[in-house]
Amino acid sequence: MGPTVRDSGSGTLRRGMTAQPATNTEARSRGARLRIDDIDIRLLRSAFDAGRGTATLAITPTGHVTAAAVVQLPAFEGWVASSELVLRLEGRTASAIEMAMEVAGAGHGRSARAEPEDPDATGLGVFHVELRAPLAALRSSLGEKLSLAVTVWSPSTPTLAPRRVPLVDLMLVPIAGPGPSLQSIDLSDVTDAELYGGSERRSFDLQNPEEGFWKSSGKALLRLSLLWANPQGDGYFVERRLERVTHALAREGGSALVEDASQRRADGSLTQLELVFDTGHADLGPIPEEGKNVPFSPEGVHALDFTLPGSKGDTRTGKARIVWSSPLMVRVRDPRPLLKTFQRLSAVGIDFGTSATVAALVQRGYRSLLQLGRPPEDSAGTSSQGTPSQGTARNESVRAAENPAVLLVDDHEQLWQQMGQSGRFPYLVRVLRGSHAALAMMAEAPNSVVGQLKTLPDRVLGLDESPQLRDRDKGRDFLLDEARVRALVRAYAYLLGRAINRPGQDVYLHYVFTYPSKSDAKIRALVDEELKRGLLLSIPEDIPAEELRVEAAASEAEAFAVEVCPELCAHPDVLPIVERHGELRFVVFDLGGGTLDVACGRFRPASEAEQAEYGSSAVIETLQVNGQPDLGGDILTHELAWVAHQHPSVLPEMEAKEVPMMRPVTVPVNHLARRPELYKRGLAARQNWLRIERALRLERVKHGPQEAPQPAPGLALSRLDGSDATVDAFGTDLTALAESLRGHLLARIGEGTKLLASTMTSTNWADGKPAEEQPPPSNGGLLDRGIVVLLAGNSSRSAFVAQAVAQELGLARPGEPFEAWRPEGGSAPLRGIVLYETPARTERGVTIVGVTPKTAVALGALKLANHEVHLVRASQGFGYFLGDLRGFPPKFTAIVPMGAPSGPPGQQGPHLFDFGRWDTKMPLRVSREYVPGKMTSNDPRVFLVPTTLPPGQVGRLYVAVTAPDEVVLCLDRSTTGDAAAEPLVAQLNLTKALR
């Protein structure tokens, strides 16, 4: 037989090599023909506990075993008592034989029988045999050259004497000390850790009969970690980086488990390797209902250098290999038998916010908040979003549940490819990261981070403001279109679904989302569709898609009221108000990351008919909903960075050094700017926005008047050409800048409070008086009428918000500090403005989740899903003031008031308004605030909206309110003398028109 190539590290003598220095490779033993082809020699340390698993270590030669060279292996003092000398032989024989090991002429260990298999034409069959001898029996011979041989005899002729077959010479080099060992060996599923900073699942999870992996749940990234004990010492050194690894599932052409050799790592005493496990691969075979343990059994090879004694007392280096193996396995389960259980699980309430997402569900009677990784903490004790931590760890779980709606794109081409595939569970490891893991990379790779995912479709598709992005891994630029925006929203929903549907555990099939009060119907439909598609990607393939239910149940402000009002009514400070009025009237002021939502309504007892129909004893009745799309915490932070860049003490240096800045969506283009090229979209402009925001800690400036921007001497910003420039303006006294920032915040939040006041005034509270005759909600009028203002959304935690609301409602004078009432831990009296926030607490060893202005929305959605409180909507009134310029001098006159009822355009009623004679060249004027006789054409609160009617037509204009944000225009041209002229009709959506 011809020679074959030996695998490195096996320590075997391959075919075509003799077992003794003779030319004849066959030996005859009393009539039995024998040929030895392969020899494997190793020192084997028996299985021992290695932390989370068991392991076996072996030391083998590096090269081919031949009789021409002495086999030299290190014999560590710590190994001698617990190790064996193992001799494995392979060859061919004509009949069954018995073998025993012989070392230096003495027999060691037990004999072994070898039976020939698959005989060839010459009658020789393949045999394998393994012989073992305790290393302790050779202690006295360590350091000496020993002849290694086997004695062979035929069981069929027991009277014939055995024959000795010499093999090789062996030297066991004694080395003092315990020698190398494995302190721990552990297998982890790190897929979620890589995707969004989730926790790793360790080997005991992966082997747990009740966990493991769901069949057909995509590919998982497994990381095998070995921690060495004594990897080097006097006389030896173990190379911790792997040379080679094999496992039980390996086969040519691909298998269910594939190693990524590029991810082999060694750090100190730690060795790591990564493998991708395909949970739906055909190699796994059928999976029974009770699950199946899939053997993994990895074996790895490392280089081992040791000191050899020289002939004249000098030393030289010997080389060997150390081989480890472990009987690790993973468990795969079939989800189909548990489908009925999954159908009975709680719904999941989700607040998909502009800056962060919160998901809530019920587990064994307790409400839980879910997380996508954990936020890093800075020295000031704030979360990654700048939310105050209030100085204690009790709010850590609440803040961790506020998951940033942020994605980091590592490889955009792979991302579009994976998200375009038809199957579930796209493999996005090192393609995409989400939530806290993505936000943590903002400073390092700002151009690779996509935030504000909820408003991204509107910005890209509605406003044509696609940001220029660059993936982090490849450094390639890309822009967004509808398909890519859809893919990003879907990918985020998929990551959220992975966190909810933990691998191998429960699978949730019912999801309830909230939505902004003011949103374009097309954009909202796009977001809802991609959220459902993304959640479906996180559910095992064997569960039918029709089992998944995703619904949009309420606006964010309504969901907040559903959560807070029942608890608030039971508080001793609020209970007298409820008893006096028989209900609680509320106004939710929800200032989130990118939108402002306002909802006015009542929390009241359900009528008998409502109880019979819905089964709820309490009802949230929404009377009026309003909102402003581009007013929120993230937008305010961007605006603060813009104000800082444009400040008179800073702008000259920015222009001189050509430092661009990304213009916020709320700032119009200035065609008279001295350096307009500095305000165009681009990577440098986006990078500077984020650098200024982070360096000056502008997120904290929003918290209250006591906060100030942090000086940043020598701040490095990016120039137009991409090079860095050092800016000195932010390193000096920032007092003037701080005043500008505070003034901007108060003015912008004031815009929202004016919308709040207008909405409250236009709401019919059913107290016997029409809205225009109700007393203003000031000077204590809020509580006298049973009304409380509920501050919701993360941004409402700012002291500026409570101050601005109180000032607008007459509860505080301009500039006077005002503190909102809190149900726990607050000292301010109840004056009508409530910041509802409760800390987490522990009862019977179970954590009762805390409620914050952010988490309350998801918890409210959960209550709606579980029918604890029913939501009733009254006919929503008009959300704007609509009119034109009238009088002399001309002032804005609101002909259609906020709160006007809706109705069909072809019928007479209070929803129909006569604008008089009209030329279609004239635009309509719209405002969210109205001060009669005070608002001129230059008032920035008044917006021009084209009628979309054909130009050059004159007639009498009638406007019908058909929805809270839609009107139908009808121009009657018969009044101008042309009786046969058909009326001109146009539909106008004001939410779109004001963007």
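A: The buried residues of helix 11 are E556, A557, E558, A559, F560, A561, V562, E563, V564, C565, L568 and C569. That makes twelve of its 14 residues, so helix 11 is largely enclosed by the rest of the structure. This is a predicted model. Helix 11 covers residues 556-569. From its first C-alpha to its last it reaches 20 Å, close to the 20 Å expected at 1.5 Å a residue. Helix 11 also has a kink of about 30° at E563. E563 itself is among the buried residues.

Now turn to a pair of helices. Two packed helices are described by the angle between their axes and the distance between the axes. Helix 14 (residues 633-646) packs with helix 16 (residues 683-695) at an angle of about 95°. Their axes are 9 Å apart. Angles of 65 to 115 degrees count as roughly perpendicular, and helix 14 and helix 16 are therefore roughly perpendicular to each other. On one side of the contact, helix 14 supplies T637, H638, A641, A644 and H645. On the other, helix 16 supplies W689, I692 and E693. Four of these contact residues are nonpolar, three are polar and one is charged.

Q452 is found between strand 30 (449-450) and helix 8 (456-462). Its relative accessibility is 16%. Buried means under 20%, so Q452 counts as buried. Leaving aside residues up to four places away in sequence, Q452 touches T354, A405, R459, D634 and I635.

Note on methods. Residues are numbered from 1 along each chain as its sequence is written. This is a predicted model: local features need pLDDT of at least 70, side-chain atom pairs count only at pLDDT 80 or more; totals for chains, interfaces and linings use all residues. Side-chain values use heavy atoms; hydrogens and water are left out. Helices (H or I, at least four residues) and strands (E, at least two) are DSSP runs, numbered from the N terminus. The expected span of a helix is 1.5 Å times one less than its number of residues. The bend at a residue is the angle between axes fitted to the seven residues ending there and the seven starting there. Buried means under 20% relative accessible area, exposed over 50%, partly exposed in between (1.4 Å probe, protein chains only). Axes are lines fitted to C-alpha atoms, for helices over the stretch in contact, and angles run from 0 to 180 degrees between N-to-C directions. Angles under 35 degrees count as roughly parallel, over 145 as roughly antiparallel, 65 to 115 as roughly perpendicular and the rest as oblique. Contact means heavy atoms within 4.5 Å. Ala, Val, Leu, Ile, Met, Phe, Trp, Tyr, Cys and Pro count as nonpolar, Asp, Glu, Lys and Arg as charged, and the others, Gly among them, as polar.
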